[in-house]
Amino acid sequence: MKERFMVLDNMKKPLAGQIFSIQHFCLHDGPGIRSLVFFKGCPLRCTWCQNPESWSPASELGFKDHLCINCRNCLSICPVNAMKTPGQIRSDLCQTCFSCAKACPSGALIRFGNCLSTHTVLKDLQPEYPYYRSSGGGVTFSGGEPTLSLEFVIQLAAALKQDQIHVAMETCGLFHMEEKSESLPESGKAIRELLSLIDLILFDIKLFQEAAHQQFCGTSNRIIKNNLAMLARNFFQEGGPMIWPRMPLIPGITDTPENLEGWGDLLAELELNKVTLVPFHNLGEAKREWLQLKPGPKLNTPTPESIEKARHVLARMGITCYDPGEEEWPPASKSSPV
Ligand code: SF4
Ligand code: SF4
């Protein structure tokens, strides 16, 4: 307890970041029992995204139609008449004050994202420390893309490392490593600082071909591939965080032989010979509706046979595939190569 408050008190100026969820007692996304901290803001727009509430870096208002009891509290409380009927929110008028969500008795109106300080996040995580320690677990930053909140995530990771907590980070891989990027001149330096505080990186790989990545994820994958190579070098040559690639398996999109072979070749070349295959589930569709986003295309979930086929393609290339939650994680300390 003494140690805990020493860390918080030493933190001179707590920073704040947009968090949309903190979940405890998670058994995936790294070794042991973990807490997952979900950051808002993502530079990608993957067609199959299951967390569209992570896309915007700002807090958002969502509406779950099936929970509305038509009490009309939201209409009367809105200071700018941004709703004509419950849940029909005019984005041009809404000031995201969230008074309606507070006044909603049924949970139909919900707020996605809160601007939390490092103090607040740590206070939420600290009661879980005994579980991390007894299980070899820790904290995983996810999202969204944690590196979009770079200074905040560095401060959070530094405080956790000071408490000797294992820190993992899931990333879409799109961040700027160049020391002198014109748009983000300090990002390269800050990313290196972050890497020095992270034990394990869960690196998402999706479409290998540039045009396909543009089509399904909305961005180029050039920087993502460069960053994967840089992180592999950083791990093998400089003792940086371990890299564990993960691929969502989406029938006809990511599970094609061309895509699997493209990634398989690159992973083998980088000596990253393990990957988690994450079967697609259509969990994001309802959330799109809550947020008044355009519906995504109809996508199939993979069959046991198609998953086996994908594993077989990668196994032929020397890559061992794991189901989510079945990974043989290294112990919660800096460890040997994948
Ligand atoms: S968030 Fe505020 S401004 Fe927006 S609809 Fe609700 S009450 Fe109105
Ligand atoms: S306050 Fe909530 S339950 Fe009541 S009408 Fe508005 S959205 Fe529906």
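## Strands, crossovers and ligand shells in a predicted model

Strand 6, helix 6 (residues 150–162) and strand 7 together form a β-α-β unit that is right-handed. The pLDDT of the protein averages 91, and 92% of the residues have a score of at least 70. Over residues 1–6, however, the pLDDT falls below 50, and this stretch has two contacts in the model beyond near neighbours in sequence. The pLDDT is likewise below 50 over residues 334–338, although that stretch has 13 contacts beyond near neighbours in sequence.

Strand 6 covers residues 138–142, and because five of its five residues are buried, the strand is largely enclosed by the rest of the structure. Strand 6 pairs with strand 2 (residues 34–39) in the parallel sense, over five bridges, and in this pairing Gly138 of strand 6 stands opposite Arg34. Strand 6 also pairs with strand 7 (residues 166–171), again in the parallel sense, over four bridges. Here Val139 has Val167 of strand 7 as its bridge partner. In the loop between strand 6 and helix 6 lies Gly144, and the peptide bond that leads from Gly143 to Gly144 is cis, with an omega near 5°.

Ile243 and Leu200 are separated by 43 residues in sequence, whereas their C-alpha atoms are 6.1 Å apart in space. Strand 9 runs parallel to strand 10 (residues 274–279), to which it is joined by four bridges, and Pro248 stands opposite Val278 of strand 10.

Strand 1 (residues 16–26) holds Phe25, a residue that has a positive phi of about 60° although it is not a glycine. Phe25 counts as exposed because it has 12 C-beta neighbours inside 10 Å, and 12 or fewer is the condition for that class. Gln23 also lies in strand 1, but with 13 C-beta neighbours inside 10 Å it counts as partly exposed. When residues up to four places away in sequence are not counted, Gln23 touches Ser35 and Leu36. Gln23 and Asp65, by contrast, are 42 residues apart in sequence and 25 Å apart in space, from C-alpha to C-alpha.

A positive phi is also found at Arg72, a residue other than glycine, where the value is near 70°. Arg72 is placed in the loop between strand 3 (60–63) and helix 2 (73–77). With 12 C-beta neighbours inside 10 Å, Arg72 counts as exposed.

The model also contains ligands, and the residues around two of them were examined. Around ligand 1 there are 14 residues, of which Cys78, Ala82, Cys94, Cys97 and Cys100 come nearest. By class, this shell around ligand 1 consists of 11 nonpolar residues and three polar ones, with no charged residue. Around ligand 2 there are likewise 14 residues, and those that come nearest are Cys68, Cys71, Cys74, Pro86 and Cys104. The shell around ligand 2 divides into nine nonpolar, four polar and one charged residues.

Conventions
Residues are numbered from 1 along each chain as its sequence is written. Chains are lettered from A and ligands numbered from 1 in the order in which they are written. This is a predicted model: local features need pLDDT of at least 70, side-chain atom pairs count only at pLDDT 80 or more; totals for chains, interfaces and linings use all residues. pLDDT is the predictor's confidence in each residue, from 0 to 100. Two residues are in contact if their C-beta atoms, placed from the backbone, lie within 7 Å. A residue is near a molecule or strand if its C-beta atom, placed from the backbone, lies within 6 Å of it. Ala, Val, Leu, Ile, Met, Phe, Trp, Tyr, Cys and Pro count as nonpolar, Asp, Glu, Lys and Arg as charged, and the others, Gly among them, as polar. A residue is buried if 20 or more other C-beta atoms lie within 10 Å of its own, exposed if 12 or fewer, and partly exposed in between; C-beta atoms are placed from the backbone. Helices (H or I, at least four residues) and strands (E, at least two) are DSSP runs, numbered from the N terminus. Two strands pair if DSSP finds at least two bridges between them. A crossover is right-handed if, with the strands pointing away from the viewer, the path from the first strand over the helix to the second runs clockwise.
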